[in-house]
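Please open the model in your viewer and keep the selection tool at hand.

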Amino acid sequence: MPGTCIIGLQWGDEAKGKIVDLLTQQHDIVVRYQGGANAGHTVVVGDKIYKLSLLPSGVLTSGVTCVIAGGVVFNPAKAIEELDELQSRNVEDCDNLKISDRVHVIFPWHFAEDRVHDSNTSDGENIGTTQRGIGPCYGDKVGRSYAIRLGDLYRDTFRKQVIHNTKEKNRTLAALLPKDEFRPLDADTIFEQYREYAERLKPYVADTTEYLLSAAEAGKRILFEGAQGALLDVDHGTYPFVTSSNSSGVGVSNGSGVPARYINKVIGIVKAYTTRVGGGPFPVEQDNEIGQQIRDQGNEYGTVTKRPRRCGWLDTVAVRYTSRLSGVDSICLMLLDVLSGLEELKICTAYEIDGVQTTTFPSHIDDLRRVQPIYETLPSWQEDLTQAQSLDDLPQAALNYVDRVSQLIGIPIEMVSVGPARSQTIPVGSSPLVTATP
Ligand code: IMP
């Protein structure tokens, strides 16, 4: 059975790109199936650093077909920019890219709407979106009246859709924006621009649902690359401070069109601590010197937005919840090296809400806001871990930390990462990640 999923189990930025890159070599197809250019993947190959936000990380591996499946919201300008960038750096396999004709396309009005809606929540706290038009595009998808899918760009009706949407969107934006901020959108300009994008992308456009179903039935090895993290899942995350797609494991099938029966392994990606970008409750946040030390050591600034990430201790209540939600079989523990040099380490093992102790992750953010984390303190280590090649090279305190995390989450750890390079990967047990080429 061929399907493996990579799912971030926190609020995103767990370094999923590195694991996808390592596992790509053992797969025929890599699929992105939700989110859009709000994601940021950094992949280090040799001395080269690639930053991708829309194309699957698999485009860096030759012989692998990369799919952007129908559940993605698609910014064509961004896709073209990334394709051009890769081609200018001689990454040849962009020919193996397939983009679903079902992806919903992001238009200029979505960016404008993202700005308006983000700063306009009823309780006054911004969601802090990436401003990439993600929520408004998914909103139109579900609302249907203004939705435009990639396949529509090649039809005669496309001009009519753009004229209709531009008129309606101008009307609502004019009502929502202060007068001096409203710039009417021009239907002809948008139509011409998107027709150009469509022409450029034509060789890649395909019915990827059919392609993936046939591939799964034929026993091809498929790697599903989740974007964001499970706590940002629109249905099961810290709503409404979430993204607009199913970013936990439950989103793989609806986004890709591949039924769950073809998925035989789910790998959860967990940072050795926690970060969050944007608004919303974050019980283990360290808005203090410790948080700053983690931010500095981990270079915790957004790949897409460059925003400083909020930093805190590892929260095993949250990760236990998201690993169950995603049906995780094993965990890759990332960025362990970042914790070197801290005075002591804490792990959140339970929550206290209004004096009552619980290990259940709350379903309402009002409850999450009132959480007092209960911590266990572990000894730290001072050694640099970035050169460690095996568990034997890790100091005892780091080994204890890894062990304790696995116990608390209740899932085996199959790999520990001590740096961004392929070679900075320590297998635990008989991990398939060890067979990857450094
Ligand atoms: P949106 O996805 O741009 O609508 O943003 C909604 C929330 O998800 C915001 O808090 C963002 O900071 C967060 N978010 C979206 N994409 C990512 C990501 O790739 N990593 C971390 N946070 C993200």
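Note first that this is a predicted model. Begin by selecting helices α3 and α5: α3 passes α5 in a left-handed crossing. The contact is formed by W109, A112, E113, V116 and H117 on the α3 side, and by N165, T166, K169, L173 and L176 on the α5 side.

Two packed helices are described by the angle between their axes and the distance between the axes. Here the axes of α3 (residues 108-118) and α5 (residues 158-176) come within 11 Å and cross at roughly 20°. Angles under 35 degrees count as roughly parallel, and α3 and α5 are therefore roughly parallel to each other.

Next, select helix α12, residues 396-409. Which of its residues are buried? They are A397, A398, Y401, V402, V405, S406, L408 and I409. Show their surroundings: the buried residues of α12 pack against several elements, including α10 (316-325), β16 (344-353) and β18 (372-379). Just after α12, select G410, which has a positive phi of about 80°.

Now turn to the backbone. Most residues other than glycine have a negative phi, and most peptide bonds are trans. In the loop between β10 (222-225) and α8 (251-256), select P240; a cis peptide bond joins Y239 to P240, with omega about 5°. Q228 is in the loop between β10 and α8. Q228 has a positive phi of about 60° although it is not a glycine, and it counts as buried at 10% relative accessibility.

Finally, select A15, in the loop between β1 (3-8) and α1 (16-24). Its phi is positive, near 75°, and A15 is partly exposed, with a relative accessible area of 30%.

Definitions and conventions
Residues are numbered from 1 along each chain as its sequence is written. This is a predicted model: local features need pLDDT of at least 70, side-chain atom pairs count only at pLDDT 80 or more; totals for chains, interfaces and linings use all residues. Side-chain values use heavy atoms; hydrogens and water are left out. Axes are lines fitted to C-alpha atoms, for helices over the stretch in contact, and angles run from 0 to 180 degrees between N-to-C directions. Helices (H or I, at least four residues) and strands (E, at least two) are DSSP runs, numbered from the N terminus. Angles under 35 degrees count as roughly parallel, over 145 as roughly antiparallel, 65 to 115 as roughly perpendicular and the rest as oblique. A crossing is left-handed if the near helix is turned anticlockwise from the far one by less than a right angle, and right-handed if clockwise. Contact means heavy atoms within 4.5 Å. The expected span of a helix is 1.5 Å times one less than its number of residues. Buried means under 20% relative accessible area, exposed over 50%, partly exposed in between (1.4 Å probe, protein chains only).
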